[in-house]
Amino acid sequence: MLLQELRFLLFDVLDAEALLVRPTFNHLDQLDLECILTAADDLAKREFGPIADIIDREEPLLLQGNVTVHKAVARAFRAYADAGFLGASLHVESGGLQLPACVSTTLMAIFGAACTPAAGYGFLTTAAARIIQTFGDVWQKSTFLAPLRDGIWAGTMCLSEPHAGSALGEIHTKAVLRNDGCYNVTGTKMWISGGDQDFTANIAHLVLARIDGGTSNASGLSLLIVPKMSLDGSSNKVSTIGLNHKLGHRGTSNCALTFGTDGPSTGYLIGKPHAGLSYMFQMMNEARIGVGVTAAATAYAAYRYATEYARTRLQGRDPETGAQVAIVGHADVKRMLLMQRAICDGGLCLCLFGARMVDDSQSHPDPVEASRAGILLKLLTPLIKLWCSERGLEANSLAIQVMGGAGYVRDHPVERLFRDQRLNPIHEGTNGVLAIDFILRGVRRDGGEALLQLLSRITSELASIDGDKELALSKTLAESVSMIQACAAILVASEKGVARAWASPFALCVGDTLVAWLWLRQIKAMRGHSDSVALSKQAAALCFSQLILPQSMAVIKNIIEGNSPPYNDPDTDLLVD
């Protein structure tokens, strides 16, 4: 079912096949894409889905400084690498498939729905390889790309530190230039997903560090490749000093790492000194879309489990016949299932739309359109991660609610999926930080111009509505667009403190509005279909416009009315009992 949904979004809604005429992707045809998607779906069902419960119960272990993970993860990673998925988005000259971003993001959805904790090792490795492909020198590419692409090595990104959290400007890790042009790296990194494991010969850590001459803030950081093992096979003085035992994603090792144990670790500077954060933002922004799509996929997986349970669980009786009925026949259960579908399908479409903007920004033959796509992508990236993880968590909670007591016991996967999902509002920048980033660096930076252009695009499409279902959705959507325009004008002109205070509610409403627009596109793409899939999509779209979008609209109405949020009052002491 997921593969069918993704094909619909990719080809019918987002017109992915139009990319294949561009020089960047003309080595592919639609049959290639179909075969790749089918192969991914088969591999995910065969190697990833069956191990999700096992690796959740049997977490990685740290014994005498060495991390071991379940052997099933090693088998899945090896199968993923052998099938060529580690290099799916790498350039052809790097031995990759050079897939469009919207297709590689679709692959992430497939593997994420099956088992994100196992697939995460591969996602991180690909992201590290792409950084080196984009910014590395000739020697770095020739040395590191092939083993990462082939799964001989794995990759990570090492940003945060125990004292710093999201405040990257507070990083203490240092890199000192040596006479041979390499760097001695010393410091401690925290919350490193995939930071250590025992199934690859080496791990290429991409490390943010401070070298001589850099400013004391985030803009002075540099990016270095620091392998776990030296290139001659000896230890590179990288030690795992602890494992973080998480609520979810238990199959992914999450480590505290020390660089420079018993002597400095050797690092190789990527690109220019003091430009590391700008390089790392490629990986971070890709990861934010990745977190968004795996959040939507995690919600989708729970929705499917809840739906199957609701179809077979008999509880309650028909008031006329007295016969027992499946709970899917109860109106409130239908409400909860439809709300899940509204979020899942909407979130998947939002992520693939964002990935389509990546493709347009990099390959559109018209430079004006490419630039426009790049501006829109920059605006939407934090929103994609924020919205999918925020609403996705609501969807996972509803899946548990549908199943009642069966939902919160470990006998059923929705309990595990809820725990996995709960990490996503924190992964790759907390949702609060990303909301502030969206309003300050996205909306306010250009006076709201990029957002207003997007809203204008939505408004112009409302003129082409057709049919009762589209009319019902478009009416609420038009009202929401108008409210966001008014709020954006206020937040652009307001003090930064006010903008920060309203950032999260405003960002969520913008996300809801975008997803409502994409639902309108989905309904348009279903024109002429009268089957059960079309009817269920229409019902989910109406559910979104009637039950979800109005919630956030009601909150941001406070901005228009000039109300100040109570948590923004400096005289309010929230710690007083």
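Student: Which residues lie nearest the centre of the second largest pocket?

Tutor: First, a word on the source: this is a predicted model, where local features need pLDDT of at least 70 and side-chain atom pairs count only at pLDDT 80 or more, while totals for chains, interfaces and linings use all residues. Residues are numbered from 1 along each chain as its sequence is written, and side-chain values use heavy atoms, leaving out hydrogens and water. On a 1 Å grid over the protein atoms alone, a pocket is an open set of points where a 1.4 Å probe fits, with protein on both sides within 12 Å along at least five of seven lines, and lining residues have an atom within 4 Å of a point. Here 20 residues line the pocket, and those nearest its centre are Lys45, Ala113, Ala114, Ala301 and Tyr305.

Student: What volume does the second largest pocket have?

Tutor: Grid points are joined across faces, edges and corners, and the volume is the space filled by probe spheres set on them. For this pocket, that comes to about 500 Å³.

Student: Which helix gives the most residues to the lining of the second largest pocket?

Tutor: Helices are DSSP runs of H or I with at least four residues, strands are runs of E with at least two, and both are numbered from the N terminus. Helices that give two or more residues to the lining of the second largest pocket include H2 (30-48), H5 (101-135) and H7 (276-312). With five residues, the one that gives the most is H7.

Student: How many residues of that lining are charged?

Tutor: Asp, Glu, Lys and Arg count as charged; Ala, Val, Leu, Ile, Met, Phe, Trp, Tyr, Cys and Pro as nonpolar; and the others, Gly among them, as polar. The lining of the second largest pocket has 12 nonpolar residues and two polar ones, and its charged residues number six.

Student: How far apart are N and O in the salt bridge of Asp42 and Arg46?

Tutor: A salt bridge puts a side-chain nitrogen of Lys or Arg within 4 Å of a carboxyl oxygen of Asp or Glu. Asp42 and Arg46 are four residues apart in helix H2, so about one helical turn separates them. Their N to O distance is 3.0 Å.

Student: Is Glu415 buried or exposed?

Tutor: Buried means under 20% relative accessible area, exposed over 50%, and partly exposed in between (1.4 Å probe, protein chains only). Glu415 meets Arg410 in a salt bridge of 3.6 Å, N to O, and Arg410 counts as exposed at 59%. Glu415 has a relative accessible area of 12%, so it counts as buried.

Student: How many of the 33 residues of H8 are buried?

Tutor: Helix H8 covers residues 331-363; at 1.5 Å a residue it should span 48 Å, and its end C-alpha atoms are 47 Å apart, which agrees. That expected span is 1.5 Å times one less than the number of residues. H8 is mostly covered, and its buried residues number 26.

Student: What kind of aromatic pair do Tyr300 and Tyr303 form?

Tutor: Rings of Phe, Tyr and Trp (its six-membered ring) pair if their centres lie within 6.5 Å, and planes under 30 degrees apart count as stacked, over 60 as edge-to-face and the rest as tilted. The search finds 16 aromatic pairs in the whole structure, among them Phe77 and Phe199, tilted at 50°. Tyr300 and Tyr303 sit three residues apart in helix H7, about one helical turn. Their centres are 6.0 Å apart with 65° between the planes, making the pair edge-to-face.
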